[in-house]
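The following exercises are to be worked through with the sequence and the coordinates at hand. Each task is followed by a stepwise solution.

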Amino acid sequence: MTPLIEYRGIARRFTTRRGTVTACENVDLTVNEGEFLAIVGPSGCGKSTLLNMAAGLLQPSAGGVFYRGAPVPEPNTLVGYMTQRDTLLPWRSVEDNVAIALELRGQDRPTRLRTAHDWLHRVGLKGFETAFPAQLSGGMRRRVSMARTLAYEPETILMDEPFGALDAQLRLVMHDELLKLWAATKTTMVFVTHDLTEAITLADRVAVFSARPGRIRAIETVDLPRPRDVFRIRFDPHFGELHDKLWGYLEESVRDGVMVG
Ligand SMILES: Nc1ncnc2c1ncn2[C@@H]1O[C@H](COP(=O)(O)OP(=O)(O)OP(=O)(O)O)[C@@H](O)[C@H]1O
Ligand SMILES: [Mg+2]
């Protein structure tokens with residue numbers, strides 16, 4: 001296994017007028033090349049902060065973040081990042097939002113629109129190519145963001161709560177698409193979610209974080225065979241065992257979070 005992203009002894013503090021907040025501390029975590037790692041933890045425990053560091057958008061206050069053994073470049077153009085907040089450009093049509101990275105790569109318009117349309121169809125947005133972001137629902141906007149990240153074909157994809165705005169059925173369809181894509185491309189995935197079922201369905205390993213300051217409470221290997229049937233896998237007895245075990249860690253984290261406020 002080749003380490004791709006390494007967090008070594010990471011802490012990150014933020015100082016504002018209200019004082020200093022430690023988002024995360026003592027985080028040692030390695031993401032291996034080609035693996036699908038899910039991160040779960042209570043709100044405010046530093047999950048987005050960790051992704052921002054891997055994307056080269058934020059520096060740690062202590063420790064180091066490495067990509068292929070070297071300090072993460074700023075920004076890290078080898079990763080595609082589907083951020084938690086919507087970053088679609090409102091003045092660009094859906095197709096031109098999806099094609100943006102290909103445009104920066106110098107592809108001509110017909111070529112990049114072909115790729116954009118292909119991804120938009122895969123995420124179920126056929127017919128909305130020329131719509132503008134303001135004309136879409138929240139879930140549709142998330143799918144445009146996903147198509148944009150995938151169209152870029154990065155070697156590593158960071159996803160922050162990508163499917164939170166989707167209904168349960170559409171989520172499963174997107175899980176299926178994502179796993180097929182991942183199997184076909186060997187992309188390394190770091191996937192943040194609040195949903196333990198989603199994490200176990202998708203990931204090779206699930207890292208559970210404590211409440212703020214976020215630390216790793218447990219890392220569990222999901223030894224369920226692949227390819228996985230995203231519609232049925234939750235009924236597998238072993239899935240239930242993994243869920244119970246991880247739920248135990250997550251519950252402790254959430255209860256601690258409530259206690260500290
Ligand atoms: N730019 C910033 N300035 C000040 N504080 C910040 C900044 N970014 C994050 N924080 C603080 O760091 C902590 C962790 O934030 P982060 O967004 O990483 O949490 P999270 O685990 O992604 O939460 P959620 O699940 O709600 O998205 C929070 O207390 C937040 O207020
Ligand atoms: Mg977040």
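**Exercise 1. Helix H5**

Task: Determine what span helix H5 reaches and which of its residues are buried.

Solution. The model is a predicted one.

Step 1. Helix H5 comprises residues 138-151, 14 residues in total, and reaches 20 Å from its first C-alpha to its last, close to the 20 Å expected at 1.5 Å a residue.

Step 2. Counting as buried any residue under 20% relative accessible area, one finds 12 of the 14 residues of H5 buried, so the helix is mostly covered. Among them are Gly139, Met140, Arg142, Arg143 and Val144.

Step 3. The cover over these buried residues includes S6, H2, helix H3 (100-104), helix H4 (109-122), strand S7 (156-160) and helix H6 (168-185).

Step 4. After H5 comes glutamate 153, with a positive phi near 50 degrees.

**Exercise 2. The largest pocket**

Task: State how many residues line the largest pocket and which elements contribute two or more of them.

Solution. Step 1. The largest pocket holds about 510 Å³ of space.

Step 2. Its lining has 17 residues, with Val79, Gly80, Tyr81, Ala101 and Tyr152 nearest the centre. Two or more lining residues come from each of S6, H3 and H5.

Step 3. By class, the lining divides into 9 nonpolar, 6 polar and 2 charged residues.

**Exercise 3. The magnesium ion**

Task: Identify which atoms coordinate the magnesium ion (ligand 2).

Solution. Step 1. The donors are Ser48 (OG) and Gln84 (OE1), at 2.0 to 2.2 Å.

Step 2. Serine 48 lies in helix H1 (residues 47-54) and glutamine 84 in the loop between strand S6 (79-82) and helix H2 (94-98), 36 residues apart.

Step 3. Serine 48 is partly exposed, at 22% relative accessible area; glutamine 84 is also partly exposed, at 43%.

How values were computed. Residues are numbered from 1 along each chain as its sequence is written. Chains are lettered from A and ligands numbered from 1 in the order in which they are written. This is a predicted model: local features need pLDDT of at least 70, side-chain atom pairs count only at pLDDT 80 or more; totals for chains, interfaces and linings use all residues. Side-chain values use heavy atoms; hydrogens and water are left out. Donors are N, O and S atoms within 2.8 Å of the metal (3.2 Å for Na, K and Ca); water is not among the atoms, so sites may look incomplete. Helices (H or I, at least four residues) and strands (E, at least two) are DSSP runs, numbered from the N terminus. Buried means under 20% relative accessible area, exposed over 50%, partly exposed in between (1.4 Å probe, protein chains only). The expected span of a helix is 1.5 Å times one less than its number of residues. Contact means heavy atoms within 4.5 Å. On a 1 Å grid over the protein atoms alone, a cavity is a set of points where a 1.4 Å probe fits but cannot get out, and a pocket is an open set with protein on both sides within 12 Å along at least five of seven lines; lining residues have an atom within 4 Å of a point. Grid points are joined across faces, edges and corners, and a volume is the space filled by probe spheres set on the points. Ala, Val, Leu, Ile, Met, Phe, Trp, Tyr, Cys and Pro count as nonpolar, Asp, Glu, Lys and Arg as charged, and the others, Gly among them, as polar.
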